[in-house]
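Here is a friendly briefing to read alongside the model. Have the sequence and the 3D view open as you go.

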Amino acid sequence: MDLQQLEEEARQAALKDIQNMLQRPGQLEKVEQYRHRIARKKASVEALLKTGMQNQLEGVRVGLKQLETCMQDVREVRRRMVDVEQLLKGVPEIYDALEVVREENTKHSQYATAMENLKHIFNVDASVQKTMALIDEDKLLSAHQCLADLENSRDDLLYELHKQPKQHASDKITLKRHFEKVDQVSQALEKKLRLIISRTLNTVRKKPTVIVTALRIIEREEKNDQFALQQQKVTNFLPPGRPKAWRSMIMDVLQAAVITRIEGSKLEERSDNKLWLVRDLEILRQIILEDLRVVKSLCVPCFPPHYDIFNEYVKFYHEGLSSYLDNIVKSGLQGNEYVSMLAWVMHTYPGADLMSHADLNVDVLKLSRPLLHPHHLKSLEDEYLQNMERNYQDWMKKTVDSEKQEWYSEQLPDQRDHYYNSAGPVIIFEMIDQHLQVTNTIHQELTFKALVLSIQQVELFGQTYLKNVIELKEHHFRNRDQIKYFTHYIITIVNNSQNVVEMAQQMKHLFWPKSRTEHYEDFEKLLATFQRIRAHAANYLLEEAFLDMECHFNDLFTIKWLGSSIAVDTICVTLDDYFQDYNHLLPANFEMVINEAQKLLAKRYIRALLSKRLSKTRSECDAITRKINLEAKRIKQFFEKIAPKISLSDSPLDLITTLSSLIVADIELLALDLHTLLGSYPSLTEDHLVRIFYIRSDVKAAEVREKVQDAMKSKKSMVSIAKQDCIFKEIVFSDKLW
């Protein structure tokens with residue numbers, strides 16, 4: 001450190017402070033105050049420095065004094081170490097001189113031990129017999145005391161042999177042979193204890209003191225085991241037969257007893273009783289509940305607290321039951337046994353009926369492992385669903401075969417509330433409902449899987465059903481005399497399809513989780529399949545009816561037709577006859593058939609109108625128009641009569657009147673009429689419009705063609721508002737007028 005530099009820096013700092021203090025003239029008056037203040041500050045700093053120096057010097061002084069003391073201690077230790085070394089030089093000579101004393105001491109110790117155990121040495125056989133007699137008389141505490149005396153004598157003698165520097169194996173063999181019956185006594189006592197402990201649950205109800213006695217003996221042996229192991233660490237000597245580990249032994253015995261009790265609960269096999277598994281699981285539940293109650297109320301006071309006997313028993317039953325159920329699962333389950341097993345494992349076992357019972361309050365989740373491995377539970381669920389699928393397939397095949405057999409029979413279908421139906425769909429959905437009700441007792445995910453499977457199987461059933469319906473129709477139309485009640489069974493099929501749709505929607509409402517969207521397309525597919533069956537079957541009904549009316553439609557707009565109303569009257573009478581059977585349709589189906597019948601009738605009538613069968617003068621066309629309007633009204637009145645509750649507004653039959661007005665339209669105003677008509681029915685084609693005017697022999701074809709083409713050109717591309725417009729798309733002629 002450069003003192004001159006420090007002094008210079010201090011001087012410069014002082015000058016800077018003085019310059020800052022004396023910048024104005026008025027501050028010169030306070031110079032004396034500044035001087036006093038600086039002087040006080042200097043004195044304070046000097047005092048602090050002096051105090052610090054004194055403290056530092058005091059610490060140095062104390063340190064030097066301690067170093068001096070340490071030096072003195074080191075010298076003293078060195079001096080004493082030298083003395084010890086001198087003393088140790090004479091130890092080997094003393095050791096050799098005391099060899100005789102050591103030998104005498106060893107002999108004395110052996111003699112003393114022999115004298116102490118002389119009684120047991122000469123009375124081993126008598127002591128063994130006495131101890132065995134006490135065991136047979138169930139005087140276990142006294143027997144254990146005798147056994148302990150014998151073992152102590154043997155162990156003391158063996159220990160004395162062990163301490164000898166020169167050990168002879170023959171001495172140990174001789175001694176062990178002399179005491180070999182002691183091991184037999186120990187084994188006999190162990191066997192007795194095993195027997196007592198294996199009957200714990202029965203014994204503790206009648207004679208809990210027997211259990212307490214056995215446990216006292218076991219606890220004493222546990223202490224002897226611990227003492228022997230500690231002695232081994234010091235002397236490297238371990239008495240024969242130690243450690244006995246009787247506590248571990250009795251826990252194994254208790255576990256074996258639990259396993260035997262679980263396995264012994266089985267009273268029946270599958271061949272004896274279909275409900276064998278349900279009965280077996282219920283018996284197990286009752287046994288386990290009762291046994292654990294006994295353990296908690298009677299065994300806990302008898303066993304030492306550190307045994308934690310209740311939780312140990314819970315673990316034994318849990319593991320034994322797990323193994324037992326696992327073996328049942330591996331041996332294979334059938335039918336509802338899957339549900340019984342899953343419901344018992346997932347609900348009954350952890351629920352209030354068993355482990356969560358108020359008397360037990362066992363938290364199953366805290367146990368070391370689940371009752372059945374999740375993989376096994378998943379396999380059970382998969383097998384159950386596969387079994388369910390097989391059942392569905394068998395039932396649905398039988399249902400289809402049964403329905404098919406009824407179709408070709410000579411018996412009328414069943415009626416319910418006047419409507420034809422069959423039991424097949426109801427049986428299928430009852431079976432589905434039973435399956436879903438059962439799976440709902442297990443968990444929602446399994447119910448959802450079962451629901452999806454059920455929907456898929458019903459949809460497959462629908463496809464097979466549709467194929468058979470088509471075969472039925474084709475078979476009937478090849479020879480209409482073969483199937484006596486074809487119409488009645490087609491009505492049944494229409495009603496069945498409607499019932500399936502309604503029951504499927506009810507099933508969805510009851511079991512489909514609102515939060516689930518996956519597999520919804522399967523449900524939509526099911527509905528679409530049975531709606532298609534319904535539509536097909538309804539068309540077959542009308543197809544049969546219209547087949548009977550074919551010749552009468554051919555008479556329309558012919559010379560014969562002009563002078564008679566027989567054709568339309570016969571059509572109405574024929575339909576009326578068929579609709580007597582159609583009354584057996586469900587209301588929604590009846591309405592659908594009514595609407596479809598109107599559409600078909602309107603289409604066939606309009607097709608006949610456009611079939612260029614007549615060509616008359618303007619005056620004659622007035623009569624034709626009046627006849628068309630009368631027949632349209634007649635047909636509409638017929639539908640109002642057979643279906644008074646169904647609205648006929650916007651009926652397809654109104655198209656007949658609309659088209660008939662064109663026949664007598666003024667040719668000069670025809671363009672306006674065509675624009676109006678095409679605005680409502682854009683599906684009308686040029687061919688349709690020209691065919692209407694074929695009836696008018698007074699109208700030139702070229703003039704009509706020109707007006708129709710003009711109207712078609714000015715027609716805007718648009719979507720029809722009128723729902724009957726589709727009829728014109730279905731009326732197509734192979735021969736063109738142009």
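By class, three nonpolar, one polar and four charged residues make up the lining of the largest cavity. Here Ala, Val, Leu, Ile, Met, Phe, Trp, Tyr, Cys and Pro count as nonpolar, Asp, Glu, Lys and Arg as charged, and the others, Gly among them, as polar. This is a predicted model, in which local features need pLDDT of at least 70 and side-chain atom pairs count only at pLDDT 80 or more, while totals for chains, interfaces and linings use all residues. Residues are numbered from 1 along each chain as its sequence is written, and side-chain values use heavy atoms, with hydrogens and water left out.

**Cavity and pocket**
- The lining of the largest cavity consists of Ser265, Lys266, Leu267, Glu268, Trp276, Arg279, Asp280 and Ile283.
- The volume of this largest cavity is about 30 Å³, and the count comes to one cavity of 30 Å³ or more.
- On a 1 Å grid over the protein atoms alone, a cavity is a set of points where a 1.4 Å probe fits but cannot get out, and a pocket is an open set with protein on both sides within 12 Å along at least five of seven lines; lining residues have an atom within 4 Å of a point.
- Grid points are joined across faces, edges and corners, and a volume is the space filled by probe spheres set on the points.
- The largest pocket has about 350 Å³ of volume.
- Of its 13 lining residues, Asp138, Ile196, Thr203, Lys207 and Val210 are the closest to the centre of the largest pocket.
- Helix 9 (180-198), helix 10 (200-206) and helix 11 (208-235) each give at least two residues to that pocket's lining.
- Four nonpolar, four polar and five charged residues line the largest pocket.

**Helix pairs**
- Helices (H or I, at least four residues) are DSSP runs, numbered from the N terminus.
- Helix 18 (residues 444-478) and helix 20 (residues 520-548) have axes that come within 8 Å and cross at roughly 15°.
- Axes are lines fitted to C-alpha atoms, for helices over the stretch in contact, and angles run from 0 to 180 degrees between N-to-C directions.
- Helix 18 and helix 20 are therefore roughly parallel (angles under 35 degrees).
- Their contact involves 15 nonpolar, six polar and seven charged residues.

**Domains**
- The protein is divided into domain 1 (37-244), domain 2 (249-372), domain 3 (379-541) and domain 4 (604-730), with bounds from an automatic or database domain assignment.
- Between the C-alpha centres of domain 2 and domain 4 there are 83 Å.

Note on methods
Angles under 35 degrees count as roughly parallel, over 145 as roughly antiparallel, 65 to 115 as roughly perpendicular and the rest as oblique.
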